[in-house]
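Please keep the sequence and the structure in view while reading.

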Amino acid sequence: MVRDAPPAFHIMAKPSGAICNLKCAYCFFLEKERLYPDSDFRMSGEVMEEYVSQYIRAQQVPEVTVAWQGGEPTLMGLDFFRRTVEAAAGHAPPGMRIAYTMQTNGILLDDAWCEFLRANHFLIGLSMDGPRELHDANRRDKGGQGTFERVERAARLMQRHQVDFNMLCTVNAANAGHPLEVYRYFRDVLCVEWIQFIPIVERINSDGSTLMQEGDKVTDRSVDPAVWGDFLIAIFDEWVHRDVGKMFVNYFEAAAASWAGVGAAMCITDETCGNALALEHNGDLYACDHFVEPAYLLGNIMETPMRELVASETLRRFGDNKRDSLPRYCRECGVLFACRGECPKNRFALTPDGEPGLNYLCAGYKAWLGHIDPFMRTLTDLLSSGRYADEIMGILREQENDQRKAFAAAGRNDPCPCGSGRKFKHCHGS
Ligand code: SF4
Ligand code: SF4
């Protein structure tokens, strides 16, 4: 029996394929150019129309997000996106709201772009890795020049035009050791409220490229697992003491959802995959943006209806494999409910007892998720009793004041008031 497509699914469309006006050192997509050797990497009007109409008609929910990504989508020019909005409006049934998102490096944005993005309520993801030296370490143009100034200019321009945007920050070997510099730059200098962090894990293939999700070695640019955990912990600690309700970080929102048991806020924290597909410029539909590889090609929407491809057994197997391939070490892990083994693309490490399939970033997730557990329990208690999440900051201040008083009153040989079980003189009193 052929199963039906799910009532809602998400596709990231790549109208310019892998083509970009920058040459960021860690970009996992630039090499995908090799998959389409004779292509001009421009989505035709015909493919765009077909994509938008099939995608909107396949959704059985009141709001649909049309998402554009790259490569660099702005290379398609503003007129292309004007036509996409017209096409979407033309195909949306009465009562359906269409939301638009676009990920960009910001280089080509100008007043005309911003007026269009604002008028059509686009949500923009602006790629930036933090302050100048940390950003320019990897995000360079084809001439090898850093792009920091141009991206900061794009952020200011969008702010002036009141375009809704958030920061998309990769965490790599260059910036992972500077969590608070990165976070405070976005919060205090750029004055943005939403940050999405993405850990860079580049697997080296047997031919030396990083084209496929193969190989168990990573490039020097990749983030170290323990440093990744420390990065999240440092920013979380600052956030939970002063920014709850004011700053929004994808990993913290996802953790809160996991602790509250309200479902997954990111695909990596979901039990299964298969709900976040990628569409190439020529209509080829892949199981996921991170698996644009021949083995994960579902078909082409110009030949087979998208609904059929999304309902396919191939996609179901791909999705279920995330849950079904977890090693025992994960299945018995205390934070499985919040980690879910993260993304299958990063599962190339061995568990301590030698079973394959452990996530390369496991040590970082274990440390971070263990660290936030008491805070997340307090947050969940607040929300489930009808109180506000930001009340946690006052609770922590009170706890810390009480603890300071207890430290001041503790004798050298008393048990440490922090609850470690050690004597005060060997713990906080040392
Ligand atoms: S493969 Fe990774 S990125 Fe793709 S849907 Fe699954 S968890 Fe998300
Ligand atoms: S923290 Fe490590 S062991 Fe636990 S579920 Fe995540 S990857 Fe698996």
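Helix α7 (residues 225–242) and helix α14 (residues 391–409) pack at an angle of about 100°, with their axes 6 Å apart. That makes α7 roughly perpendicular to α14, a term for angles of 65 to 115 degrees, while those under 35 count as roughly parallel, those over 145 as roughly antiparallel and the rest as oblique. Axes are lines fitted to C-alpha atoms, for helices over the stretch in contact, and angles run from 0 to 180 degrees between N-to-C directions. In this contact Val240, His241 and Arg242 of α7 meet Ile392, Met393 and Leu396 of α14; two residues are in contact if their C-beta atoms, placed from the backbone, lie within 7 Å. By class, four of these residues are nonpolar, one is polar and one is charged (Ala, Val, Leu, Ile, Met, Phe, Trp, Tyr, Cys and Pro count as nonpolar, Asp, Glu, Lys and Arg as charged, and the others, Gly among them, as polar).

The model is predicted: local features need pLDDT of at least 70 and side-chain atom pairs count only at pLDDT 80 or more, whereas totals for chains, interfaces and linings use all residues. Residues are numbered from 1 along each chain as its sequence is written, and chains are lettered from A and ligands numbered from 1 in the order in which they are written. Helices (H or I, at least four residues) and strands (E, at least two) are DSSP runs, numbered from the N terminus.

α7 also packs against α13, at an angle of about 20° and with the axes 6 Å apart. The two helices are therefore roughly parallel to each other. Their contact has 14 nonpolar, three polar and no charged residues. Among them are Trp228, Leu232 and Phe236 in α7, and Trp368, Ile372 and Phe375 in α13.

α13 (362–384) is also one of the helices that supply at least two residues of the shell around ligand 2, together with α11 (328–331) and α12 (336–339). α13 gives the most, with three residues. The residues surrounding ligand 2 include Cys330, Cys333, Cys339 and Cys362 (a residue is near a molecule if its C-beta atom, placed from the backbone, lies within 6 Å of it). Around ligand 1 stand, among others, Cys267, Cys273, Cys288, His290 and Cys343. That shell has seven nonpolar, one polar and two charged residues.

The sheet is open and mixed, with 10 strands in the order β7-β6-β5-β4-β3-β2-β1-β8-β9-β10; two strands pair if DSSP finds at least two bridges between them. β7 (248–249) and β10 (297–300) each have a single partner strand, so one side of each is left without a neighbour in the sheet. Two bridges join β7 to β6 (residues 194–199), and this pair runs parallel.
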